[in-house]
Amino acid sequence: MDFATVLQVFDSTVRLATPLLLACLAGLYSERAGIFDIGLEGKMLAAAFFSGAVAAVTGSVWLGLLAGIAASMALSGIHGLASITFRGNQLISGVAINFLAAGLTVVIAQDWFQQGGRTPSLVGGARFSPIELPFAEAVKDVPIIGQTYYQLISGHTALVYIAFAMVPLTWWLLFRTRFGLRLRAVGENPAAVDTAGVSVIGIRYAAVAICGLLCGIAGAYLATALQAGFVKDMTAGRGYIALAALIFAKWRPWYALSSTLLFGFLQAIALRYQNIDLGGFVVPVQFMDALPYILTVVILAGFVGKAIPPRAGGEPYAKER
Amino acid sequence: MNTVTQTGRQETAAPAIELRGISKAFGPVQANKDISIRVMPGTIHGIIGENGAGKSTLMSILYGFYKADAGEIFINGNLTPIPDSQTAIRAGIGMVFQHFKLVQNFTVLENVILGAEDGALLRPSLSKARGTLKRLAEEYELNVDPDALIEDLSVGHQQRVEILKALYREADILILDEPTGVLTPAEADHLFRILENLKREGKTIILITHKLREIMHITDTVSVMRRGEMTATVKTAETSPEKLAELMVGRKVLLRVDKKPAAPGANVLEVENLRVVDEDGVERLKGISLNVRAGEILGIAGVAGNGQSQLLEVLGGVAHGTGSIRIKGQEIDLTGKHSDAQSRRARGIAHVPEDRQREGLIMDFTAWENSVFGYHHDPAYQKNKFLMDNAAIQNETEGKMERFDVRPPDPNLPAKSFSGGNQQKIVLAREIERNPDLLLIGQPTRGVDIGAIEFIHQQIIELRDAGKAILLVSVELEEILSMSDRIAVMFDGKIMGERLPQETDEKELGLLMAGVNGEVA
């Protein structure tokens with residue numbers, strides 16, 4: 001395998017890891033505040049559709065992005081209402097959101113565009129285009145460093161850079177600011193926050209809103225950057241993979257970066273090497289496609305050491321009598 | 001000058017807290033009925049009452065956790081409505097809850113600044129808090145490592161963090177809800193020193209408790225609550241434990257246990273060289289030898305965590321150990337399939353566990369279901385091969401509840417809806433009514449109302465007088481001294497010594513509990 005191929009695989013890893021990373025960080029905010037969110041998948045899907053649809057109609061990818069974020073945050077609002085205000089079961093609310101998004105996106109797409117549940121293909125300004133970083137063209141022939149810069153670092157869409165910038169930002173917000181301290185406390189022991197005179201409900205809604213925002217960006221990325229338009233079920237379980245990555249990452253931002261890169265890498269390998277020949281035995285393409293999902297199951301089954309979730313996760317907060 | 005202002009303030013100044021006509025109902029239950037109270041600044045005011053008398057509700061109203069249905073709150077003479085905790089904190093009220101409100105995996109510093117940060121960034125708040133904590137630690141003997149995680153601290157230290165939280169918010173009025181329930185005697189003494197220091201600095205302290213000894217020991221004035229009403233407020237110096245107990249319960253209470261001298265018979269339990277190693281590889285029992293005779297109560301004293309729990313668990317068949325245990329001269333299996341709790345019960349060992357809510361009862365199950373656990377294989381409870389005779393069990397439970405004065409006497413209520421004392425009576429009825437040769441009983445009156453304590457003690461004495469052997473484990477020295485016929489003190493998994501209750505006192509036992517051998521000292 002030559003260096004160019006390696007770079008191509010890594011490049012594809014970055015592109016495939018981006019939606020996972022955004023969704024994983026989205027889940028991190030929500031779960032760190034004590035709200036389990038199994039509805040990442042549904043929120044991404046809704047965002048993918050609405051961003052694709054609005055971009056197709058208006059021709060503006062930025063309007064599409066806003067529409068995607070709005071759709072995802074609306075679903076977050078529903079989740080917040082169900083699990084914070086009405087103290088419902090967070091898993092059930094999340095599952096409902098996934099069903100809602102899976103059904104509604106296809107139905108509305110068919111009604112609006114009559115293309116079998118997809119949006120028209122996005123062209124030109126309706127898609128995010130790659131950003132050429134400074135000097136990329138000039139150094140692209142410099143061995144190793146220049147090649148890496150040109151191939152791997154430069155030439156991604158704005159959303160990729162936003163996603164990676166979110167990692168240090170999230171770390172800083174969680175561990176260096178008042179908001180982060182309160183958010184983490186609310187996920188560990190909401191009574192401590194409440195008795196300190198801070199609104200538990202307010203902080204949890206804020207966390208859920210950030211979760212909606214990031215899921216919205218992730219969904220929009222799928223429809224307007226990674227691919228050109230929305231297709232039915234285009235999230236393909238990425239919301240669940242992001243949840244697995246979150247557990248793998250032990251609810252920490254930097255670990256989230258590594259775990260989503262790992263999943264992205266597996267997807268990139270599966271995409272590039274459809275059939276791997278191991279000296280006479282050919283690994284079937286289906287196995288390669290299934291690999292990221294198999295890893296998800298393995299991780300969710302708890303084979304990766306002890307991961308302690310936020311202690312108050314999944315429990316609605318009510319003042320005790 | 002200091003003394004002048006202090007006495008002057010006490011006589012003429014407005015009360016630090018004044019409540020007028022506070023009422024609060026939870027559905028049909030009237031938790032607080034028209035309560036009025038005045039607490040003068042710079043004093044320690046006790047509020048005493050049985051569980052469920054409404055003490056905690058009243059303080060939660062003062063802290064803005066609940067909203068009163070009626071009534072007014074005055075702070076330093078000014079009418080101050082307190083709709084939420086934020087307002088209470090601003091009014092200078094700090095509260096130390098019975099169950100601490102700390103974030104377990106945060107450091108002490110982070111817990112202290114939570115909700116009282118100075119700005120959007122943490123760094124300045126943290127360094128300011130570090131300085132303040134250092135000052136408070138010197139001023140009030142409130143030493144805690146600011147960088148330690150809460151989960152690594154002892155309960156006593158966690159409590160200090162709660163007090164520090166309140167002081168960091170510049171509280172002038174400090175409310176403590178049952179602060180000594182989880183503390184060792186030494187930790188409790190330290191807490192009282194802290195409270196005295198705070199009082200000296202002019203802080204006002206409200207202490208909620210059901211322990212008469214603490215009230216007599218540290219408070220200046222005391223209010224008694226019974227069934228949601230304030231029945232009396234008196235100066236502590238002008239009252240006595242007997243009078244307070246009577247006010248709490250509404251009738252005369254025997255604080256001393258009334259019992260005949262023991263008439264011990266043959267050995268029922270003989271333990272030799274008993275050792276227990278826990279899951280972490282720590283040796284918790286280091287070669288215990290003891291015996292209990294028929295018609296005798298052996299009390300095991302000790303600070304919690306010195307192996308008493310393991311001793312009860314091994315004897316009760318809940319944990320494994322090595323050594324030798326004999327019941328009426330017969331060796332008991334310590335390993336194998338006849339070493340479990342059920343086999344022990346079959347051999348006449350009844351066990352009232354220390355933690356009744358986790359080990360003694362299933363809280364969501366009904367009283368009648370709970371009243372046969374451990375004995376549910378008894379043929380008397382079976383209708384046929386597959387079905388249990390529920391009607392018979394319910395009938396029997398009704399009888400037990402009547403004999404043990406469980407209130408309300410409804411076998412169909414879940415265990416969790418009974419008060420602590422009544423839960424204990426359900427467990428006690430289950431174990432005692434099987435007529436065991438040996439009763440193991442841990443912390444029989446922890447979290448139990450004073451009226452029920454009296455009843456439970458009587459039941460244990462009656463069992464003794466019926467010629468049974470009793471092994472009593474308690475962290476309450478008073479209980480050990482008044483109940484036992486012999487006292488063994490445990491420290492660090494060993495028996496430090498045996499004493500007769502009439503020949504020893506709290507001081508000597510306290511030394512043994514601290515690992516200091518009485519004869520040497």
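**Note on the two-chain model**

1. B:Glu151 and A:Arg311 join their side chains in a salt bridge, with N and O 2.7 Å apart. A salt bridge here is a side-chain nitrogen of Lys or Arg within 4 Å of a carboxyl oxygen of Asp or Glu. The rule finds three salt bridges across the interface of chain A and chain B.

2. Some ground rules. This is a predicted model, where local features need pLDDT of at least 70 and side-chain atom pairs count only at pLDDT 80 or more, while totals for chains, interfaces and linings use all residues. Residues are numbered from 1 along each chain as its sequence is written, chains are lettered from A and ligands numbered from 1 in the order in which they are written, and side-chain values use heavy atoms, leaving out hydrogens and water.

3. Now the interface. Contact (heavy atoms within 4.5 Å) links 24 residues of chain A with 28 residues of chain B. The two chains bury about 2,300 Å² between them, 57% of it on carbon and sulfur atoms. Buried area is the accessible area (1.4 Å probe) that two parts lose on being put together, summed over both.

4. Which helix gives the most to the side of chain A that touches chain B? α8(A) does, with six residues. Helices are DSSP runs (H or I, at least four residues) and strands are too (E, at least two), numbered from the N terminus.

5. Helix α8 (residues 178-188) of chain A also packs on helix α10 (residues 200-226) of chain A, at an angle of about 100 degrees and with axes 10 Å apart. That makes α8(A) roughly perpendicular to α10(A), a label for angles of 65 to 115 degrees. Axes are lines fitted to C-alpha atoms, for helices over the stretch in contact, and angles run from 0 to 180 degrees between N-to-C directions. Residues making the contact include A:Phe179 and A:Leu183 of α8(A), and A:Ile203 and A:Ile210 of α10(A).

6. Over all chains, the count comes to 46 salt bridges. One pairs B:Lys33 with B:Glu229, the closest N and O atoms being 3.7 Å apart. B:Lys33 lies in strand β2 (residues 29-39) of chain B and B:Glu229 in strand β10 (residues 229-235) of chain B, so the pair ties together parts 196 residues apart in sequence.

7. Two backbone details deserve a look. Most residues other than glycine have a negative phi, and most peptide bonds are trans. B:Glu141 is not a glycine, yet has a positive phi of about 60 degrees. A cis peptide bond joins B:Arg407 and B:Pro408, with omega about -5 degrees.

How values were computed
Parallel < 35°, antiparallel > 145°, perpendicular 65-115°, else oblique.
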